[in-house]
Amino acid sequence: MSQISPAEFYAVPLRVHTFLADVPLHDVWAVDLPTHRNDITLFEFVRLASHGRTSKLPPLARLLIRLRLFLGRSCRLDGEPKDALAASFGSRLTAEDRARSFVVSGTPEGLFRVVYRFENEQLLEIQNRTVHAAALSALAKRTDSYRFYFAIYVRQRTWITPFYMGLIDPFRKWIIYPALLKNIRANWDQNV
């Protein structure tokens, strides 16, 4: 479970590379997953994990997420901007993208909205007063395993975006994302 180079990530054939070509890639992570069975897709894994046994995040990661949500509500940072629909990455979808997606663009998923969910690639977005960001999850079959990719794209929303990202980056990189990826590995082992 580690951060990987953008070059390695861009070598994986994914729709997101052209879809968000003008949005900066903030960072990308990967976790190798053993082959418990063949032909598993991201879509199937997400479905199994949502209905099966799921691992919880460690207490420190949960505390940091709760703290961020509390501060976001208290400071009124988490409301979607008025132009959210027009600015949504979903407006970039082609007719082919819409046909391939298992979920309608704009469908809420927690704090995010689905942009698309293909068989092995999912893009979610969040818009608020601090950022317009996208989170990509992808699953790639390798020779003897699978590799799960998790990438974050960040478009500057206002002058506060770089300061906000600089403030949360250490927590994301050292606590939150390693915990999320460890959780993904545990869910994979428990449900696939």
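A salt bridge is a side-chain nitrogen of Lys or Arg within 4 Å of a carboxyl oxygen of Asp or Glu. Keep that in mind, please. What we have here is a predicted model.

Let's start with one pair. The side chains of arginine 113 and glutamate 80 form a salt bridge, at 2.9 Å from N to O. Where do arginine 113 and glutamate 80 lie? Arginine 113 is in strand E4, residues 112–117, while glutamate 80 is in the loop between helix H4 (59–74) and helix H5 (84–87), so the pair ties together parts that are 33 residues apart in sequence. Arginine 113 is partly exposed, at 32% relative accessibility. Glutamate 80 is partly exposed too, at 43%.

In general, side chains of opposite charge can pair when their charged atoms come close. How many salt bridges does the structure hold? There are 13.

Here is another. Arginine 15 and aspartate 97 meet through their side chains at 2.8 Å, N to O. Arginine 15 sits in the loop between helix H1 (6–10) and helix H2 (16–19), and aspartate 97 sits in helix H6 (residues 95–100), so this bridge links parts that are 82 residues apart in sequence. Is aspartate 97 buried or exposed? It counts as buried, because its relative accessibility is 3% and the cut-off for buried is under 20%. Arginine 15, at 22%, counts as partly exposed.

Elsewhere, salt bridges with shared partners connect Glu8, Asp32, Arg142 and Arg147 in one network.

Now the nonpolar side. In soluble globular proteins, nonpolar side chains tend to be buried together. The largest nonpolar core in this model has 30 residues. Phe45, Leu139, Phe148, Phe150 and Trp188 have the most contacts inside it. Which element gives the largest share of this core? Helix H7 does, with 9 residues. Look at phenylalanine 150: among the residues it touches are Trp29, Leu136, Tyr177 and Leu181. Another core lies apart, with 24 residues, including Ile4, Val16, Leu123 and Tyr149.

Last stop, helix H7 itself. It runs over residues 161–191. A straight helix of 31 residues would span 45 Å, but H7 spans only 37 Å between its end C-alpha atoms. Where is the kink in H7 centred? On arginine 172, and the kink is about 55 degrees.

Terms used. Residues numbered from 1 in each chain as written. Predicted model: local features only at pLDDT ≥ 70, side-chain atom pairs only at ≥ 80, totals over all residues. Heavy atoms only, no water. Helix = DSSP H or I, 4+ residues; strand = E, 2+ residues; numbered from the N terminus. Buried < 20%, exposed > 50% of the residue type's maximum accessible area, 1.4 Å probe, protein only. Expected span 1.5 Å × (residues − 1). Bend = angle between axes of the 7 residues up to and from the residue. Core = buried A, V, L, I, M, F, W, Y, C linked by side-chain atoms within 4.5 Å. Contact = heavy atoms within 4.5 Å. Lists of a residue's contacts leave out its neighbours within four places in sequence.
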